[in-house]
Amino acid sequence: MTTEPNSLHREIERLRRLYQGFPLEPVIWIRDGQKRSPYRTLIVMGLSTRVSDSVGLNVWKRFLCQYPSPDILRQEWRRDCQSVLEILRSLGRPDQRKKIIEAAVKLGTKIPSQVSQLIRYPGIGKTIAEKIVGYGFGKPALPLDTHGCKIIARLCGLTAQRPKAEYLREKLRDIFDPPEWMEVHELLRLHGQSSSSTPEQVINSWEKWRKLLIED
């Protein structure tokens, strides 16, 4: 990484000032964390890859209304797996979506809170695993999605090289302390999504999928 750590610290501080007052995950977790469901987090985060919130929200909501617990999902999966998958048709990438549901069926209520254990299941890559750990368990995590990768790569002069998320993730881990990781991720994501919207609209969308993570 060619950019000095101080440059990244300055950028995150700038984003903290820019989005001061907007509710980010560290604050939300204090408010709602005890009500979060790792199962619901696996479903929403696992089925969100390459899916916009505007497309995914109705699908995730419908799926969780129909299969609100891993036990119900397992029963219905054994009875008629095609009906379960039909709900997800509009999300595309059917093979990937099927792997996530199979992982949810296999794991049931015993969803690991460690990335190293989650990625053992087909369909759960490191980014999804980091999201489950951070949003489902409130543990230090750095999902660093596409928005974050683009911003960090630009700051580091690496745009032409298209560095992998894991490379950038490890570098950020070396620069920021674990309690900062989720805030850093959400600041980068908020900034990236706000380029084609407004921060208020982005946060409003986030509040909708955050509600889906809460156990009824």
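Which element gives the largest share of the lining of the second largest pocket? The answer is α6, with four residues. The views below come from a predicted model, in which local features need pLDDT of at least 70 and side-chain atom pairs count only at pLDDT 80 or more, while totals for chains, interfaces and linings use all residues. Residues are numbered from 1 along each chain as its sequence is written, and side-chain values use heavy atoms, with hydrogens and water left out.

**View A. The second largest pocket.** This pocket has a volume of about 220 Å³. A pocket is an open set of points on a 1 Å grid over the protein atoms alone, where a 1.4 Å probe fits, with protein on both sides within 12 Å along at least five of seven lines. Lining residues have an atom within 4 Å of a point. The volume is the space filled by probe spheres set on the points, which are joined across faces, edges and corners. Q82, L85, E86, L88, R89, G92, P94, D95, R97 and K98 form the lining. Two elements give two or more residues to it: α5 (70–86) and α6 (94–107). Helices are DSSP runs (H or I, at least four residues), numbered from the N terminus. Three lining residues are nonpolar, two polar and five charged. Here Ala, Val, Leu, Ile, Met, Phe, Trp, Tyr, Cys and Pro count as nonpolar, Asp, Glu, Lys and Arg as charged, and the others, Gly among them, as polar.

**View B. The largest pocket.** Its volume is about 1,100 Å³. The lining has 40 residues, and T49, R50, K131, D145 and T146 are the closest to the centre. Elements that give two or more residues to this lining include α3 (38–46), α9 (146–155) and α11 (181–194). By class, the lining holds 14 nonpolar, 15 polar and eleven charged residues.

**View C. Helix α3 against α6.** Their axes, lines fitted to C-alpha atoms over the stretch in contact, lie 10 Å apart at an angle of about 170°. Angles run from 0 to 180 degrees between N-to-C directions. The two helices are therefore roughly antiparallel (over 145 degrees). Contact means heavy atoms within 4.5 Å. On α3, Y39, L42, I43 and G46 take part; on α6, Q96, R97, I100, I101, A104 and L107 do. Seven of these residues are nonpolar, two polar and one charged.

**View D. Helix α9 against α11.** The two axes come within 8 Å and cross at roughly 90°. The helices are therefore roughly perpendicular (65 to 115 degrees). H147, G148, I151 and I152 of α9 meet L188, R189, H191, G192 and Q193 of α11. This contact has three nonpolar, five polar and one charged residues.

**View E. Helix α1 against α11.** Helix α1 covers residues 5–18, and its axis comes within 10 Å of that of α11, crossing at roughly 70°. This pair is therefore also roughly perpendicular. I12, R14, L15, R16 and L18 of α1 touch E183, V184, L187, L188 and H191 of α11. Six residues of the contact are nonpolar, one is polar and three are charged.

Notes
Parallel < 35°, antiparallel > 145°, perpendicular 65-115°, else oblique.
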